[in-house]
Amino acid sequence: MSNEHDLHPERETAEQLRISHETLRVWRRNGTGPKSFRVGRRVMYRQADIDTFINEAYDQAGVN
């Protein structure tokens, strides 16, 4: 069972979004992807932030 506090490393997040790992890195550098943070040397993503990113993209697409 997942919850909003589940943490995902970059590769898992890229797989979940069905994009390449490099695209996710570019989005992070440009500030256009889901919120991320570092734990030591690792970049991590909270499931809640991934979900928010997906919902905002859906809303901006104007899908009915």
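Me: In this predicted model, which residues of α3 are buried?

Reply: The buried residues of α3 are Gln47, Ala48, Asp49, Ile50 and Phe53, and they pack against β1 (7-9), α1 (10-17), α2 (21-30) and β3.

Me: What makes Phe53 count as buried or exposed?

Reply: The relative accessibility of Phe53 is 18%, and buried means under 20%, so Phe53 counts as buried.

Me: How do you know how the span of helix α3 compares with the expected one?

Reply: Helix α3, residues 47-60, has 14 residues, and the distance from its first C-alpha to its last is 20 Å, which is close to the 20 Å expected at 1.5 Å a residue. Just after α3, Gly62 takes a positive phi of about 70°.

Me: Why is the pair of Trp27 and Phe53 called tilted?

Reply: The structure holds 1 aromatic pair. The ring centres of Trp27 and Phe53 lie 5.4 Å apart, and rings pair if their centres lie within 6.5 Å. Their planes stand at 50°, whereas planes under 30 degrees apart would count as stacked and those over 60 as edge-to-face, so the pair is tilted. Because Trp27 lies in helix α2 and Phe53 in helix α3, the pair ties together parts that are 26 residues apart in sequence.

Me: Why is Trp27 called partly exposed?

Reply: Trp27 has a relative accessibility of 25%, and since partly exposed covers values between the 20% limit for buried and the 50% limit for exposed, Trp27 counts as partly exposed.

Me: What makes α1 and α2 roughly perpendicular to each other?

Reply: Their axes come within 9 Å and cross at roughly 105°, and angles of 65 to 115 degrees count as roughly perpendicular, so that α1 and α2 are described in this way. The contact is made by Glu10, Arg11, Thr13, Ala14 and Leu17 of α1 together with His21, Leu24, Arg25, Trp27 and Arg28 of α2, and these residues divide into 4 nonpolar, 2 polar and 4 charged.

Me: How do you know whether Met44 is buried or exposed, and what does Met44 touch?

Reply: Met44, which is found in strand β3 (residues 42-46), has a relative accessible area of 9%; buried means under 20%, and Met44 is therefore buried. Not counting residues up to four places away in sequence, Met44 touches Leu7, His8, Pro9, Lys35, Ser36, Phe37 and Val39. The C-alpha atoms of Met44 and Thr13 are separated by 8.5 Å, although the two residues are 31 residues apart along the chain.

Key. Residues are numbered from 1 along each chain as its sequence is written. This is a predicted model: local features need pLDDT of at least 70, side-chain atom pairs count only at pLDDT 80 or more; totals for chains, interfaces and linings use all residues. Side-chain values use heavy atoms; hydrogens and water are left out. Helices (H or I, at least four residues) and strands (E, at least two) are DSSP runs, numbered from the N terminus. Buried means under 20% relative accessible area, exposed over 50%, partly exposed in between (1.4 Å probe, protein chains only). Contact means heavy atoms within 4.5 Å. The expected span of a helix is 1.5 Å times one less than its number of residues. Axes are lines fitted to C-alpha atoms, for helices over the stretch in contact, and angles run from 0 to 180 degrees between N-to-C directions. Angles under 35 degrees count as roughly parallel, over 145 as roughly antiparallel, 65 to 115 as roughly perpendicular and the rest as oblique. Ala, Val, Leu, Ile, Met, Phe, Trp, Tyr, Cys and Pro count as nonpolar, Asp, Glu, Lys and Arg as charged, and the others, Gly among them, as polar. Rings of Phe, Tyr and Trp (its six-membered ring) pair if their centres lie within 6.5 Å; planes under 30 degrees apart count as stacked, over 60 as edge-to-face and the rest as tilted.
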